[in-house]
Amino acid sequence: MIQQVASGIYSYLPLGWRALRKIEDIVRQEMNRAGGQELMMPVLQPLELWQETGRHLAFGKSMFTLSDRRERKLCLGPTHEEVLTDMVRRNVQSYRDLPLLLYQIQTKFRDEPRPRGGLMRVREFTMKDLYSLDADEEGLDQNYRKMIQAYSDIYSRCGLSSLLVEADSGAIGGKDSHEFMVIADSGEDVVIHCNRCHYAANVEKAQSIKSKAADEDPLPLEEVATPGMKTIDEVAGFLGVPPSRTLKAVFYAADGELVFALIRGDLEINEVKLRNTLKASELRLASEAEVQGAGLVAGSASPIGVSGIKIVADDSITLGANFVAGANKPDVHLRNVNPRRDFAVDLLADIAAARAGEACPRCGDQLLSTRSIEVGHIFKLGTFLSEKLGALFLDQDGVSHPIVMGCYGIGIGRLLAAIVELNHDERGIMWPATVAPYHIYLCPLYMDNPQVISVAEKLYGELEAAGWEVLFDDRRESPGVKFNDADLLGLPLRLTISPRTLESQSVEVKGRGQKEARLLPLETAVATVKELLASS
RNA sequence: CGGGGUGUAGCGCAGUCUGGUUAGCGCGCAUGGUUUGGGACCAUGAGGUCGGCGGUUCGAAUCCGCCCACCCCGACCA
């Protein structure tokens with residue numbers, strides 16, 4: 001199907017390529033049906049265009065860059081908003097030119113830190129990317145809904161049941177964003193969802209209702225010795241308080257600046273939320289040296305009395321009182337710490353990771369979590385890019401406005417991988433008929449028998465004439481070898497011809513998912529195949 | 001980038017610790033023959049910069065150093 005060339009770089013072999021093209025066809029049909037117009041934009045892009053929007057910073061090292069012979073900086077497009085917006089600003093003048101849905105199926109390059117999972121996460125991949133261009137938010141909303149419908153249709157035609165979840169918009173930017181997920185244990189993503197009200201979100205984005213830890217009057221601040229106690233569990237256990245009555249400090253470097261992140265001890269920090277809150281493009285844990293250099297004591301760090309560091313706190317610190325927190329001295333903590341009274345924070349926001357078991361932010365029911373594969377991602381970009389690049393139009397009154405944009409992506413190779421992941425057994429792949437590289441595995445046995453060959457060739461011709469794609473296994477291999485390869489390839493239908501089936505003027509048929517084969521009379525075989533494939 | 005691991009025939013591996021004939025095994029491949037309803041068998045044969053460079057040694061797949069590639073776990077995304 002596929003073969004690795006280098007880390008995150010693959011060749012498609014003939015069968016894999018056929019399946020990929022089937023998926024592309026489905027995607028193309030649904031995009032056209034939704035009113036999309038196909039076009040083609042270049043992989044090779046001038047870096048200046050990215051400097052205009054500033055997004056080369058957000059992509060950072062993920063962007064492959066190069067220079068031409070005149071030392072002009074170019075990049076291999078990780079996505080195409082810049083090129084498209086540039087095209088649009090030169091062609092769209094009036095509200096009469098809108099709305100517009102433009103798409104392509106094109107190669108993208110992203111120098112991923114760690115390619116993995118075969119085709120799941122690669123550095124060169126084909127993506128269908130559609131861009132919606134509207135005069136106003138209502139138009140965007142309408143197209144956004146239209147795309148959600150088209151995407152659902154695509155996945156179901158590919159034999160997958162998809163789940164629409166709220167998502168973080170990441171490096172692409174924009175405000176509203178959703179992902180299409182396929183439930184799979186092997187997936188890299190985690191979805192937090194609620195079965196009662198159907199709230200569903202990527203963990204990166206998911207919220208939950210935070211419990212109230214305590215409701216009591218503030219007591220006076222008090223130092224306690226905590227020899228050797230550093231982690232929340234150690235400190236809480238030693239002092240005999242639940243973790244929810246403590247405050248946890250974690251240090252990050254956000255675009256090089258040290259940040260003091262504070263959260264209630266029973267919760268974990270969601271780094272995506274934190275990065276968004278800080279509006280940072282790069283976020284990582286601070287090194288020990290950086291923490292010490294700022295005069296902080298890891299294990300006993302305290303928001304009280306620190307200065308010169310930005311403090312970002314999760315809003316959970318307001319849901320309680322009289323917390324235990326560090327004293328910024330080794331082996332000492334403070335009791336009865338109360339936010340506001342004892343220290344101030346620079347930013348107070350939701351930076352906590354939602355977890356299964358917590359309460360749904362919509363209905364309060366218990367949240368669940370599932371691993372999943374992200375097979376599509378859509379964004380309401382708004383006017384961010386059109387403003388940066390000056391993609392404007394004149395309305396009825398001759399007033400200039402930025403175009404309202406949306407973008408909608410499906411990774412074709414990843415979708416292929418997800419289909420295989422969800423449609424296989426211990427013997428091999430079980431292709432849905434819609435995306436199978438061929439419909440039928442034609443399997444003549446005893447190839448030295450002239451009658452077998454002539455009947456097989458005749459049947460092959462009739463099936464092709466009826467519009468079916470047939471893989472003719474003309475190898476002189478034993479039945480066992482052919483049957484096993486048929487299962488491995490996983491085409492929906494296997495037709496076997498042998499001296500035995502010819503005795504009754506019939507052909508044997510077996511669906512890939514079926515245990516038993518059955519005999520069909522030769523003269524009605526082609527007609528029956530149609531029924532069988534329609535139902536698979 | 002941090003942590004762990006692996007590089008020996010097309011694929012999967014043994015040999016490396018303890019240096020010493022011509023570097024093995026299974027699968028696959030080629031030729032001939034016998035076979036054939038769920039991965040047949042016999043015979044013969046082809047196929048190797050032992051990841052690369054350098055060092056130690058009479059002698060290196062094996063010891064030492066540097067580099068590279070790939071895989072897995074974490075920070076990134078269709």
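Modeller: W431 touches M1, A19, L416, I419, V420, A436, P437, L489, G490, L491 and P492, leaving aside residues up to four places away in sequence; contact here means heavy atoms within 4.5 Å. This is a predicted model, in which local features need pLDDT of at least 70 and side-chain atom pairs count only at pLDDT 80 or more, whereas totals for chains, interfaces and linings use all residues. Residues are numbered from 1 along each chain as its sequence is written, chains are lettered from A and ligands numbered from 1 in the order in which they are written, and side-chain values use heavy atoms, with hydrogens and water left out.

W431 also belongs to the largest nonpolar core, a set of 50 residues, where it is listed with I23, M31, Y151, I154, Y155 and L415 as having the most contacts inside the core. A nonpolar core is a set of buried Ala, Val, Leu, Ile, Met, Phe, Trp, Tyr and Cys residues joined through side-chain atoms within 4.5 Å, and buried means under 20% relative accessible area, with exposed over 50% and partly exposed in between (1.4 Å probe, protein chains only). Helix α5 (residues 137-157) gives the most to this core, with eight residues; helices (H or I, at least four residues) and strands (E, at least two) are DSSP runs, numbered from the N terminus. Because domain 1 (2-162 + 377-421) and domain 3 (433-535) both give residues to the core, it lies between them. Apart from this core there is another, of 26 residues, with L39, L47, L49 and L84 among them.

The domain bounds, which come from an automatic or database domain assignment, also include a domain 2 (222-349). For the chain as a whole, 51% of the 536 residues of chain A count as buried, and among its contacts between residues at least 6 apart in sequence, 71% join residues at least 24 apart. Chain A has 14 helices and 31 strands.

Next comes the RNA. Around RNA strand B there are 46 residues, of which R427, Y446, D487, S498 and E508 come nearest; a residue is near a molecule or strand if one of its heavy atoms lies within 4 Å of it. Sugar and phosphate make up 46% of the RNA strand B atoms that come within 4 Å of the protein. In the side chain of D487, an N or O atom is 2.4 Å from a base nitrogen of the RNA strand. A polar side-chain atom of E374 lies 2.8 Å from a sugar or linking oxygen of RNA strand B, and for V122 a backbone N or O atom lies 2.9 Å from a base nitrogen. Helix α12 gives the most to the surface near RNA strand B, with six residues. By class, this surface has 15 nonpolar, eleven polar and 20 charged residues, where Ala, Val, Leu, Ile, Met, Phe, Trp, Tyr, Cys and Pro count as nonpolar, Asp, Glu, Lys and Arg as charged, and the others, Gly among them, as polar.

Some backbone details deserve a careful check. Most residues other than glycine have a negative phi, and most peptide bonds are trans. A cis peptide bond, with omega about -5°, joins L98 and P99, and P99 is in the loop between α4 (81-91) and β7 (100-109). N322, although not a glycine, has a positive phi of about 55°; this residue lies in the loop between β17 (310-314) and β18 (323-329) and counts as buried, because its relative accessibility is 4%. Q505, in the loop between α13 and β30, has a positive phi near 50° and is likewise a residue other than glycine, but Q505 counts as partly exposed, at 43% relative accessibility.

How values were computed: A polar contact is a pair of N or O atoms within 3.5 Å; within protein, one must be able to donate a hydrogen and the other to accept it, and residues adjacent in sequence count only if both atoms are side-chain atoms.
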